[in-house]
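My notes follow in the order I made them.

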Amino acid sequence: MRRCRGVAASVVLASVLLAGCAARPVPPEPLPPRPVDPALVAQREAAGIADCPETSASATPVGGGLPDLVLGCLGSERQVNLAALRGTPMVINAWAQWCGPCRLEAPHLREFAERAEGEVLMLGIDYNDPEPALALEFAQSSGWDYPHLTDPLRQTAGPLRVSGIPVTLLVDAEGRIQYRVVGVVESADQLAGHVRTYLGVEV
């Protein structure tokens, strides 16, 4: 009888352990690296520009949010799915090294990024720009140490409604676009005010 009880207890314990294993969520499949000129990687690293965040290969977009669109990282082998960027409020700025107004707002973005570090994820999108080396050079001279995606084919034009640059998007932690600044950011204080109003974050 004791032996039967021991066997029964072992069966129950095994069932609990198996149930626990089955309940574990399967980690999302990461995006594979893409081929990038090693010289661009070295240039980004020498400039002190951060690598892009890692994301899953697929994600379900939220209403009014970032699209299920994969972009490469400027000067990196990483790829990023925009819809998978969740968990932290974001400021996303579309720019290009050939864009005059983008140069005007560059120091304000640098100042804001310094103030918002740890509170808001700052992310650039090098838009419609065929010269990644010049883009990295411009980002370095602007003092931008935050990561940048690259969109040479203007894939974000429709989903993000980018008809011209610069454009700056304020995105909440759920991935929803809450506000957009069309044109030049006039000052770090202006952008901080928008972030406070639309994202509820004080920087």
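**Entry 1: helix H4**

I began at the end of H4, where the helix is followed by Gly143, whose phi is positive, near 80 degrees. The model is a predicted one, and I read every value here with that in mind.

I then went back through H4 itself, residues 132–141, and asked which of its residues are buried. I found Ala135, Leu136, Phe138 and Ala139. Looking down the axis of H4, I saw these buried residues fall within an arc of 160 degrees, so they line one face of the helix.

Next I looked up what the buried residues of H4 pack against. Two helices came up, H2 (38–47) and H3 (100–116). Three strands came up as well: E3 (90–95), E4 (121–127) and E5 (148–151).

**Entry 2: H2 against H4**

I took the pair H2 and H4 and asked at what angle they pack. The angle is about 5 degrees, and the axes are 10 Å apart. Angles under 35 degrees count as roughly parallel, so I noted H2 as roughly parallel to H4.

I listed the residues that meet in this contact. From H2 they are Leu40, Gln43, Arg44, Ala46 and Ala47. From H4 they are Pro132, Ala133, Leu136, Glu137 and Gln140. I sorted the residues of the contact by type and got six nonpolar, two polar and two charged. Leu136 is on this list and is also one of the buried residues of H4.

**Entry 3: Asn93**

I moved to strand E3, which holds Asn93. Is Asn93 buried or exposed? Its relative accessible area is 0%, so I put Asn93 down as buried.

I checked what its side chain reaches and found a polar contact of 2.9 Å to the side chain of Thr168. Leaving aside neighbours within four places in sequence, I found Asn93 in contact with Glu105, Leu109, Leu123, Gly124, Ile125, Pro166, Val167 and Thr168.

**Entry 4: Leu71**

My last stop was Leu71, in strand E1 (residues 70–73). Leu71 has a relative accessible area of 1% and is buried.

Which residues does Leu71 touch, not counting those up to four places away in sequence? I wrote down Gln79, Val80, Leu82, Leu149, Thr150, Asp151, Gln155 and Thr156.

I also looked up the separation of Leu71 and Pro152, which are 81 residues apart along the chain. Their C-alpha atoms are separated by 9.6 Å.

Methods
Residues numbered from 1 in each chain as written. Predicted model: local features only at pLDDT ≥ 70, side-chain atom pairs only at ≥ 80, totals over all residues. Heavy atoms only, no water. Buried < 20%, exposed > 50% of the residue type's maximum accessible area, 1.4 Å probe, protein only. Helix = DSSP H or I, 4+ residues; strand = E, 2+ residues; numbered from the N terminus. Arc of directions from axis to C-beta. Contact = heavy atoms within 4.5 Å. Axes fitted to C-alpha atoms, helices over the stretch in contact; angles between N-to-C directions. Parallel < 35°, antiparallel > 145°, perpendicular 65-115°, else oblique. Nonpolar A, V, L, I, M, F, W, Y, C, P; charged D, E, K, R; others polar. Polar contact = N/O pair within 3.5 Å; in protein donor to acceptor, adjacent residues only side chain to side chain.
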